[in-house]
Amino acid sequence: MKELVLLAWQGLKQKPKLSALMIINLAVGITLMLTMSAIVKQSSSEVIGYKANSLFTTGLNYYDAVVDVVDFNQFPRWTYQDAEALKQADLPYEHLSFNYTTEFIVGLADNSVRPISVEASGTDRDMFSVLDAPFIHGASWSEQSQQSGEAVAVISKNANDHLFGGANSVGQFIQVQGEQIQVVGVVDLSNYKRRFQDLSFSNNYNHDAFIPLNYAYAQNFPRTGQVSCRTDDLYTATNPRSGNIDMLKSAECGYLTVWFQYQKDMGAAHLAELKTWLNNYIANQQAVGRFQHNNLTDFYSMGELYILIQRFLAWEAIYLTFSYFLFGICLVNTVGILLAKFQANRKLISLYRALGANRGVIMKIHFLEILMLTVASVALGFVLAFAGLELMFHLRMYQADYMAFAEQVRQIYQFDGELALLTTIGIFLAVGISGLYPIYRSSRVSPAAELRG
């Protein structure tokens, strides 16, 4: 075997330019395929995918009948009055959670660290169960704190690192709008590639603070996520983003995202009960002039939301398809290069045959030669893929004006070892199969004709 490897290496050195051309040709195809495959896979995956059929969100459409609502993103969020009616309903579920996105400046009372602007979530303690949020310090606030609107918060690892140097900050206080808020827990959401709790699916950063809804209402923290009212005039009159919360409570302006989590074995039955309740609730509200639209409710499971995310990645999917086509073209080019290379080595092949090597030995030598070229191509492709993903990561950060959280964005542009292994196996199979024809042609060389004269 050692002799065959040495002969294959001699064959590579016979035409170094053709060998280099084949390596570069394959490496380009491998780079694009690995890069786009990693981005699409990481972008469309999520850490709580196991809740695909047990976690649901829904909307109630209070818009006027003339307003077109044909897409999930056009569906309004829940109003305060509808959310309160749902909370009071006697419905079975494992978790029911509401949230809205807000933002504020967070610092410390002694100004020992630079204050930071954070996006936060006004929510309830069930949100942490919905998220399966991994606490690294402390836990969620209590039910009593939630009901009383106590000034407590759960902060992210990112905020904790900045404000407290990564130490256990449970029991410490942060300052927001001149008020002291006690930290009761720290969660690490760095592995959550997208911020799905508010249906933004943003992969720039996750929320850095979670505060009880009642406290958010008491402090009138602004609504910075999706907010819409039944009419434009109502939006102007209520100023739903930063206006007084008391006015917003009775207005047909939606800003709350809702989540229902069911036990897997009871999900279908309990979801049917929810839909029945919503139909009855809508009928009662229609009697007082609400819900005049034809499209009144919209349900999505977490699994269906993943499909929506993949639709958002339409261009990435096109690029991925293009990369596969390009790799196919590279394989065709590889066959042509191998034919040219083996054609140029006809005299060397004839010499081997004249010295007693049979066709099987010739085929083994050339197969080893292709294997060496493929290994070099894969190695170069991996290096270029690493560089390509790093470049795309920096371009993404540049597009976000470096306001995104680098640790979270990087997850979309990280090298995937499992994907690389499967791709490598596929590449060796594809190159090996495509190289059979050139190998067969090279074994058919007649030594007498080539060595005559």
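Buried means under 20% relative accessible area, exposed over 50%, and partly exposed in between, with a 1.4 Å probe and protein chains only. Helices (H or I, at least four residues) and strands (E, at least two) are DSSP runs, numbered from the N terminus.

The model is predicted: local features need pLDDT of at least 70, side-chain atom pairs count only at pLDDT 80 or more, and totals for chains, interfaces and linings use all residues. Residues are numbered from 1 along each chain as its sequence is written, and side-chain values use heavy atoms, with hydrogens and water left out.

**Exercise 1. Strand β11**

Task: State how many residues of β11 are buried, then find which strands pair with β11.

Solution. 
- Start with burial. Nine of the nine residues of β11 are buried, so the strand is largely enclosed by the rest of the structure.
- Two strands pair if DSSP finds at least two bridges between them.
- Take β1. Two bridges join β1 to β11, and the two run antiparallel. Leu55 has Gln261 of β11 as its bridge partner.
- Take β2 (residues 78-79). Its pairing with β11 is antiparallel, over two bridges. Thr79 faces Gly254 of β11.
- Take β3 (residues 95-107). Five bridges pair this strand with β11, again in the antiparallel sense. Leu96 is opposite Phe260.
- Take β10. This strand and β11 run antiparallel, joined by two bridges. Ser228 is opposite Gly254 of β11.
- Recall a rule for reading such strands. In a regular strand, side chains alternate between the two faces of the sheet.

**Exercise 2. The disulfide**

Task: Find which cysteines form a disulfide, and describe the link.

Solution. 
- Apply the cut-off: a disulfide is a pair of cysteine sulfur atoms within 2.5 Å. The count is one.
- Name the pair. Cys229 and Cys253 form the disulfide, with sulfur atoms 2.0 Å apart.
- Cys229 sits in β10 (residues 228-229) and Cys253 in β11 (residues 253-261), so the pair links distant parts of the chain, 24 residues apart.
- Read the geometry. The angle about the S-S bond is 105 degrees, and the link of Cys229 and Cys253 is right-handed.
- Check burial. Cys229 is buried at a relative accessible area of 8%. Cys253 is buried at 0%.

**Exercise 3. The largest cavity**

Task: Describe the volume and lining of the largest cavity.

Solution. 
- On a 1 Å grid over the protein atoms alone, a cavity is a set of points where a 1.4 Å probe fits but cannot get out, and lining residues have an atom within 4 Å of a point. Grid points are joined across faces, edges and corners, and a volume is the space filled by probe spheres set on the points.
- Count. The whole structure has three cavities of 30 Å³ or more.
- Give the volume. The largest cavity holds about 80 Å³.
- List the lining. It has 13 residues, of which Thr58, Gly59, Phe72, Arg77 and Leu199 lie nearest the centre.
- Assign elements. β1 (55-60) and β11 are the elements that give two or more residues to this lining.
- Sort by class. Ala, Val, Leu, Ile, Met, Phe, Trp, Tyr, Cys and Pro count as nonpolar, Asp, Glu, Lys and Arg as charged, and the others, Gly among them, as polar. The lining has seven nonpolar, four polar and two charged residues.

**Exercise 4. Gly122**

Task: Locate Gly122 and state whether this residue is buried or exposed.

Solution. 
- Gly122 belongs to strand β4 (residues 116-123).
- Gly122 is buried, at 0% relative accessibility.
- The C-alpha atoms of Gly122 and Leu213 are 4.8 Å apart, though 91 residues separate the two along the chain.

Conventions. 1 Å grid on protein atoms, 1.4 Å probe; cavity = no way out; pocket = protein on both sides within 12 Å on 5 of 7 lines; lining within 4 Å.
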